[in-house]
Amino acid sequence: MSSEDQRPSGTNGAQATPSEDASRSEDAVRGRARGSAPAPLSILDLATVGAGHTPAEALAATTELARGAEEWGYHRFWVAEHHGMPGVASSSPAVLLAHLGAHTTTLRLGSGGVMLPNHAPLAIAEQFGLLEALHPGRIDLGLGRAPGTDQATARALRRGLADGADDFPQLLSELTHFLDADFPAGHPYARLTAVPQGPERPPIWLLGSSGFSARLAGRLGLPFAFAHHFSAGNTEPALDLYRSSFQPSEVLAEPYALIGVSAVAADDEAAALWLSRSAGLAMLRLRQGRPGPIPTPDEAAAHPYTEAEADFLATWLGNVVLGAPGDVADGLEALRKRVGADELMVTSHIHGHAARHRSYRMIADAYGLTTDGSAAAGPVV
């Protein structure tokens, strides 16, 4: 079955006109701007494990952060699938999202993302059908095509499930049919049902850091999330490709794109830069094939950088929006306008739970999210 067979929708069983489906689905996809923010603000969290901390402490901090994000007025909170990375505890988004849903009430929760080639589509359909049943109207299913790890770990995970990213369109089509219970008659899976399955299912987002998923998301009329935080040079070309490829669907009448952005707020620029270097050194080590816990700011400052390493760090930090809260808000808005993003998803992959939580709270305060009464009005569904 090719990806052309896919018919994205947001319902199971009940028939509705395309305009009714579009209206309902867009409410589930499009965020709501709050306070003085000109676009919705969301959070991407990796359950960061810093040096000197345990995964259990990191997951407790992520739970606390999700509760804070809801209180502070962020629209959605996504977690990402990674494997073999000591600095990231979110190896199973579905498990973590079920936990976060039990500790929040209105915040949209989602995967940013589940790496589709690592899993059988039926397993994902069942996991996210269960999440939707547990936390109705609050779940997003973000899908990526990268392994989220090194190739050896990817082979251990997949065990012949997929040959790689080239299978992504076919896997996506199969997953969508499972979610919508609409395999055509005669298909080998036509009699199978992904259980549980309710009247609604989570909206699918495609994630990417290049043009492949951008084009596919546009052609299928799906919302698109771009990883600006680690592929900043490709952001504008990918979003342009998404918009030029976009075809209206039952999910969206118009394109809707968010970008992930590294952002760190502190008392001033020097303090924010001090914190951000820890994330920069962690990324450097990851690129060198030496992943580990997020180093402390002191360790990052004392590291004996080679010239090439110093250049990498400078380039990486150049794509982090950092500084005092007002400066971060200004920087985020300048970026949003430049690339035309419909939503910003900030991520702060720094050492220290208190510093990370304070950064997100400062950004929310800078936009007045916490003083907007709509922050407690409930999910948009």
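**Backbone, core and cavities of a predicted model**

Ala47 sits in the loop between strand E1 (41-45) and helix H2, and in this predicted model the residue has a positive phi of about 50° although it is not a glycine. With a relative accessibility of 0%, Ala47 falls under the 20% limit and therefore counts as buried. A positive phi near 50° is also found at Ala181, again a residue other than glycine, and Ala181 belongs to the loop between H6 and E6.

The loop between H6 and E6 also holds Pro196, and the peptide bond that leads from Val195 to Pro196 is cis, with omega near 0°. Glu200 has its place in the loop between helix H6 (168-180) and strand E6 (204-208) as well. With a relative accessible area of 33%, Glu200 is partly exposed, because this value lies between the limit of 20% for buried residues and that of 50% for exposed ones. The C-alpha atom of Glu200 is 8.9 Å from that of Asp180, although the two residues are 20 positions apart along the chain. A cis peptide bond also joins Gly112 and Gly113, where omega is about 5°, and Gly113 is found in the loop between strand E3 (108-111) and strand E4 (114-115).

Taken as a whole, the protein chain contains 13 helices and 10 strands. Of its 381 residues, 56% are buried, while the accessible surface of the chain amounts to about 15100 Å², with 54% of this area belonging to carbon and sulfur atoms. Among the contacts in the chain with a separation of 6 or more, 77% are made by residues 24 or more positions apart.

Leu109 is located in strand E3 and is buried, its relative accessible area being 0%. When neighbours within four places in sequence are set aside, Leu109 is in contact with Phe77, Trp78, Leu97, Leu100, Gly101, Thr104, Arg138, Ile139 and Asp140.

Apart from residues up to four places away in sequence, Asp140 touches Leu109 together with Ala28, Arg76, Trp78, Arg108, Gly110, Ser111, Phe128, Pro202, Pro203 and Trp205. The C-alpha atoms of Asp140 and Phe77 are separated by 9.4 Å, whereas the two residues are 63 positions apart along the chain.

Aromatic rings were examined next. A pair of aromatic rings is described by the distance of the centres and the angle of the planes. A search of the whole structure gives 9 aromatic pairs. In one of them, the rings of Tyr74 and Tyr360 have centres 6.4 Å apart and planes at 90°, so the arrangement is edge-to-face. Since Tyr74 lies in the loop between helix H2 (55-72) and strand E2 (76-79), and Tyr360 in helix H13 (residues 353-366), the pair ties together parts that are 286 residues apart in sequence. Both Tyr74 and Tyr360 are buried. The rings of Tyr242 and Phe246, with centres 5.9 Å apart and planes at 80°, also form an edge-to-face pair, because the angle is over 60 degrees. Tyr242 and Phe246 are both buried, and together with Phe224 and Phe226 they form one aromatic cluster.

The empty space inside the model was considered last. Rolling a probe the size of a water molecule over the atoms shows where empty space is left. The structure holds 2 cavities of 30 Å³ or more, and the second largest cavity contains about 30 Å³ of space. The lining of the second largest cavity consists of Ala37, Pro38, Ala39, Leu41, Glu333, Arg336, Leu344 and Tyr367. By class, this lining has 6 nonpolar and 2 charged residues, with no polar residue.

Note on methods
Residues are numbered from 1 along each chain as its sequence is written. This is a predicted model: local features need pLDDT of at least 70, side-chain atom pairs count only at pLDDT 80 or more; totals for chains, interfaces and linings use all residues. Side-chain values use heavy atoms; hydrogens and water are left out. On a 1 Å grid over the protein atoms alone, a cavity is a set of points where a 1.4 Å probe fits but cannot get out, and a pocket is an open set with protein on both sides within 12 Å along at least five of seven lines; lining residues have an atom within 4 Å of a point. Grid points are joined across faces, edges and corners, and a volume is the space filled by probe spheres set on the points. Ala, Val, Leu, Ile, Met, Phe, Trp, Tyr, Cys and Pro count as nonpolar, Asp, Glu, Lys and Arg as charged, and the others, Gly among them, as polar. Helices (H or I, at least four residues) and strands (E, at least two) are DSSP runs, numbered from the N terminus. Buried means under 20% relative accessible area, exposed over 50%, partly exposed in between (1.4 Å probe, protein chains only). Contact means heavy atoms within 4.5 Å. Accessible areas come from the Shrake-Rupley method with a 1.4 Å probe; for residues, only the protein chains shown count as cover. Rings of Phe, Tyr and Trp (its six-membered ring) pair if their centres lie within 6.5 Å; planes under 30 degrees apart count as stacked, over 60 as edge-to-face and the rest as tilted.
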